[in-house]
Amino acid sequence: MWAGKNASATGGHPAGWCLFTTASAAIKRMLDVVIAIFALLLLSPLFLLIAVLVKRDGGPVFFKQTRTGLRGKTFGMLKFRSMCVDAEARLKALLAQNEKAGGVTFKMTNDPRVTPVGRWIRRASVDELPQFWNVLKGEMSIVGPRPPLPREVALYTQADRLRLCVKPGITCLWQVGERKGELFEVGDRNAITFDEQVKLDVRYIEHQSTAKDLWLMIKTLPAMLLGK
């Protein structure tokens with residue numbers, strides 16, 4: 001379906017389609033590398049500040065979590081640690097209090113595992129910043145569907161697995177709350193259900209472009225500042 005849509009833009013020639021997709025992938029990767037290097041250098045003072053605050057809570061600064069990426073391949077996604085050191089072990093006892101319908105993803109407003117510093121860095125989404133390193137390594141892209149946990153993927157339907165057709169990203173349509181496709185739309189991502197997340201991710205995959213990626217990067221800033 002996607003190939004048919006875009007092949008018409010290249011005159012319907014398979015060779016033209018292959019060239020188009022290869023060039024698009026190369027441009028996306030180049031932007032990822034350039035922006036990731038720039039972000040890591042520019043944000044290094046903020047990284048240092050957050051590292052000091054997290055370390056004061058006790059335990060490691062970073063949290064490396066197994067996530068599922070392109071075509072189901074797993075990798076270690078980095079975050080600043082925002083939860084207690086035994087957060088993963090305590091999750092099972094909290095599953096009954098999951099606020100997300102369907103139970104594929106987990107959300108709890110007053111999660112007791114979150115540390116005081118963690119609550120602040122999660123609200124501002126700065127706990128995600130170390131993922132620029134994942135982007136540099138080629139495991140993630142800056143824009144793309146958020147990487148799910150393996151236990152979530154185990155509950156996916158065949159349709160849900162469409163999210164795994166591209167590299168996962170730091171930000172995406174539902175991360176900035178763009179539900180209606182409006183140019184300046186920035187909404188509350190917490191109000192978006194899992195089924196809607198999948199639909200938005202598929203919409204992004206079908207219509208992705210360099211211009212759209214750049215605009216989503218720009219829209220991510222007000223989403224973070226507004227605590228969305």
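Which helix does Phe 47 lie in? Phe 47 lies in helix H3. The model behind this briefing is predicted. The protein has nine helices and four strands. Of its 228 residues, 43% are buried.

**Overall build**

- From the N terminus on, the order of elements is α-α-α-β-β-α-α-α-β-α-β-α-α.
- Take the contacts between residues at least 6 apart in sequence: 66% of them join residues at least 24 apart.

- Phe 47 is buried, because its relative accessible area of 15% falls under the 20% limit.
- Leaving aside neighbours within four places in sequence, Phe 47 is in contact with Leu 40, Phe 80, Leu 129 and Pro 130.

**Where H3 meets H5**

- Helix H3 covers residues 44-56, and helix H5 covers residues 116-123.
- The axes of H3 and H5 come within 8 Å. They cross at roughly 150 degrees.
- H3 brings Ile 50, Leu 53 and Val 54 to this contact. H5 brings Val 117, Trp 120 and Ile 121.
- By class, the contact of H3 with H5 has six nonpolar residues, with no polar and no charged ones.

**The two sides of H5**

- Val 117, Gly 118 and Ile 121 are the buried residues of H5.
- Seen down the axis of H5, these buried residues fall within an arc of 95 degrees, so they line one face of the helix.
- An α-helix has 3.6 residues a turn, so residues three or four places apart point the same way.
- The cover over the buried residues of H5 includes H3 and E2.
- The face of H5 turned away from its buried side carries Pro 116 and Arg 123, which are exposed.

- Ser 125 follows H5. Its place is the loop between H5 and helix H6 (131-137).
- Phi of Ser 125 is positive, near 65 degrees, and the residue is not a glycine.
- Ser 125 is buried, with a relative accessible area of 13%.
- Arg 71 lies in the loop between E1 and E2.
- Arg 71 has a positive phi of about 55 degrees, although it is not a glycine.
- Is Arg 71 buried or exposed? Arg 71 is exposed, because its relative accessible area of 70% is over the 50% limit.

**The largest pocket**

- The volume of the largest pocket is about 1,300 Å³.
- How many residues line the largest pocket? Its lining has 43 residues.
- Lys 79, Phe 106, Lys 107, Arg 122 and Glu 128 lie nearest the pocket's centre.
- The elements giving two or more residues to this lining are strand E1 (62-68), strand E2 (74-80), helix H4 (87-94), H5 and helix H7 (150-153).
- H5 gives the most to the lining of the largest pocket, with four residues.
- By class, the pocket lining has 14 nonpolar, ten polar and 19 charged residues.

**The cavity**

- A search of the whole structure finds one cavity of 30 Å³ or more.
- About 40 Å³ of space lies in the largest cavity.
- Its lining includes Thr 68, Gly 69 and Leu 70. Pro 145, Arg 146, Pro 147 and Pro 148 are also among the lining residues.
- By class, the cavity lining has seven nonpolar, two polar and two charged residues.

**Asp 201 in H8**

- Asp 201 has its place in helix H8 (residues 194-207).
- Asp 201 is buried, with a relative accessible area of 1%.
- Which residues is Asp 201 in contact with, leaving aside its neighbours within four places in sequence? They are Pro 145, Arg 163, Cys 172 and Trp 174.

Definitions and conventions. Residues are numbered from 1 along each chain as its sequence is written. This is a predicted model: local features need pLDDT of at least 70, side-chain atom pairs count only at pLDDT 80 or more; totals for chains, interfaces and linings use all residues. Side-chain values use heavy atoms; hydrogens and water are left out. Axes are lines fitted to C-alpha atoms, for helices over the stretch in contact, and angles run from 0 to 180 degrees between N-to-C directions. Contact means heavy atoms within 4.5 Å. Ala, Val, Leu, Ile, Met, Phe, Trp, Tyr, Cys and Pro count as nonpolar, Asp, Glu, Lys and Arg as charged, and the others, Gly among them, as polar. On a 1 Å grid over the protein atoms alone, a cavity is a set of points where a 1.4 Å probe fits but cannot get out, and a pocket is an open set with protein on both sides within 12 Å along at least five of seven lines; lining residues have an atom within 4 Å of a point. Grid points are joined across faces, edges and corners, and a volume is the space filled by probe spheres set on the points. Buried means under 20% relative accessible area, exposed over 50%, partly exposed in between (1.4 Å probe, protein chains only). The arc is that of the directions from the helix axis to the C-beta atoms.
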